[in-house]
Amino acid sequence: MNEHYEEADNFFESARCFEPNNILAWTMHGLFYESQEQTILAEMAFSEAKKLIMATETPKRSQDEEIVNTAKVTKVPEPEPEDDKKDSQAVTEEIKPVVPDTVSIQSASTAVEVPPETIPDTESIASQIRKTSFEIVETKKAIDAVESPISPKQQEEPIPVPKPVQPRKETTPVLTRSIYMQTARFLLDVNALQFVSRALAHEVICTEGGLSCEYHVVLARLYVQQGELGKAEECISEAGRINHQNSDLWALLGHLSYMKEDYAEAKEHYARTLCYVDDAFDMHCICLRLGSIYLQEGEEESYKSAKSVYLFASERAPSCLTWLGVGIACYRLDELRDAEDALCEANILNNSNADVWGYLTLVCLKTGRKLEAEQTYKYAMKLHLEDKQLLDEIHELQQTLGFGNPTF
């Protein structure tokens, strides 16, 4: 900060006003107040940051609890046995409504004469009506019994009274993420190391039940960026004892081996880092370094591995270097068309890279394009190509083919 404290305070205040819900802004401002020995303001800033992170975690936690409770309460209805279905269908088919016969008496004014023996007796008509009414009542009872899924025994049983729902007990929310670890990671990513130690100190004070693997990994990153590799190795060993499946842990081991120029061990650590589902903190750098190690081995299988790694990096975050790596690997595998396409992509992203123009020169020489070979070679020389091995390869191929160099 170069001791411009008032300006730093103004910037922190502006950041909080611009994004009042930014957890990093409140935490970093609290660390700044703490460095100025303004304890009350620091505690207020930390408290606001904790409230914000708690607010972000509470909806997710309540949603998860609601899903679990719904799964417990919901019961799948049992399917009705097929025998019961068949019996009910048979009963409904057997029962048919009986329509009573209506007795019509002709008007006295009609001229048709009815023989006396054909007129039924009054008592027989009454008995027929009683019989018909009885059949109608019995048919209705049978139909109701078939349609109603509740048996008479079940109707006599008392209806169970639902138990009252007990109110949910309020529990003290426990944060699964730490504002100090988030801030420390951000400060390491932007290479601002002034407040990282203060953030980690707060993490030590707030942690219950021992320090986490993440804490040791972040501390190791701080030591690596400060150049204290011995302390970084101690922190990595401690993190490995807690959780040896942390992707950041293996990425740091790869970086340490790469800095010591132990490329074989670095290749193993980087390859293991890419096997994990969770991405490490510096995936782009890991892919570039692993791809360069594969290219240096100079074998066909290594070139194929380098091509796949660089393509993976180009899909995640395309850059001139990732496409240049794809182009080099394809050229070494004698895939000239793919190499030219990849080098053109790299040239679009950055047309001032001398290595890209150098490998384009090799591709043009191999494909027999004299004019384009001379033009790409001119651009490579204009941009001061410094790779001596690449320059020697270009000159040797120019002399073998007899074109491509304007001095010939």
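The secondary structure here is helices through and through: 19 of them, and zero strands. Helices are DSSP runs of H or I with at least four residues, strands are E runs of at least two, and the numbering starts from the N terminus. This is a predicted model, in which local features need pLDDT of at least 70 and side-chain atom pairs count only at pLDDT 80 or more, while totals for chains, interfaces and linings use all residues. Residues are numbered from 1 along each chain as its sequence is written, and side-chain values use heavy atoms, with hydrogens and water left out.

Of the 408 residues in the protein, 31% are buried. Buried means under 20% relative accessible area, exposed means over 50%, and partly exposed is in between (1.4 Å probe, protein chains only). As for contacts (heavy atoms within 4.5 Å), take those with a separation of 6 or more: 57% of them join residues 24 or more positions apart.

**The cores**

The largest nonpolar core has 48 residues. A nonpolar core is a set of buried Ala, Val, Leu, Ile, Met, Phe, Trp, Tyr and Cys residues joined through side-chain atoms within 4.5 Å. Leu295, Tyr331, Tyr359, Leu362 and Leu385 have the most contacts inside it. Helices H12 (263–275), H13 (283–297), H14 (300–316), H15 (320–332), H16 (336–349), H17, H18 and H19 (388–401) each give two or more residues to this core. H17 gives the most, with nine residues. If you click on Leu362, look for Tyr331, Leu390, Glu393, Ile394 and Leu397, which it touches when residues up to four places away in sequence are not counted. There is also a second, separate core of 40 residues, and it includes Phe12, Leu188, Leu200 and Leu249.

Ser302 sits in helix H14 and counts as buried, because its relative accessibility is 5%. Leaving out residues up to four places away in sequence, Ser302 touches Tyr294 and Glu297. Its C-alpha atom is 8.9 Å from that of Gly291, eleven residues apart along the chain.

**Helix H9**

Helix H9 (residues 213–226) has 14 residues and reaches 20 Å from its first C-alpha to its last, close to the 20 Å expected at 1.5 Å a residue. That expected span is 1.5 Å times one less than the number of residues. H9 is mostly covered, with eleven of its 14 residues buried. Among them are His216, Arg221 and Tyr223. What do the buried residues of H9 pack against? Their partners are helices H7 (179–189), H8 (196–206), H10 (229–242) and H11 (247–259). After H9 comes Gly227, with a positive phi near 85°.

**Aromatic rings**

A search of the whole structure finds six aromatic pairs. Rings of Phe, Tyr and Trp (its six-membered ring) pair if their centres lie within 6.5 Å; planes under 30 degrees apart count as stacked, over 60 as edge-to-face and the rest as tilted. Here are two of the pairs:

| Pair | Geometry | Centre to centre | Angle between planes |
|---|---|---|---|
| Phe46 and Tyr180 | edge-to-face | 5.5 Å | 75° |
| Trp357 and Tyr379 | stacked | 4.6 Å | 25° |

Both link distant parts of the chain. Phe46 is in helix H3 (residues 39–73) and Tyr180 in helix H7, 134 residues apart. Trp357 is in helix H17 (residues 354–367) and Tyr379 in helix H18 (residues 370–382), 22 residues apart. Phe46 counts as buried, at 2% relative accessibility, and Tyr180 does too, at 4%. In the other pair, Trp357 is buried at 13%, whereas Tyr379 is partly exposed, with a relative accessible area of 43%.

Phe12, Phe32 and Tyr33 form one aromatic cluster. Two arginines also lie over ring faces: Arg16 over Trp26, at 4.2 Å from the ring centre, and Arg221 over Phe281, at 4.0 Å. A charge sits over a ring if NZ of Lys or CZ of Arg is within 6 Å of the ring centre and within 35 degrees of the ring normal.

His29 belongs to helix H2 (residues 23–35). Is His29 buried or exposed? It counts as buried, because its relative accessibility is 0%. The side chain of His29 makes a polar contact with the side chain of Arg16 (2.8 Å). A polar contact is a pair of N or O atoms within 3.5 Å; within protein, one must be able to donate a hydrogen and the other to accept it, and residues adjacent in sequence count only if both atoms are side-chain atoms. Neighbours within four places in sequence aside, His29 is in contact with Asp9, Phe12, Glu13 and Arg16.
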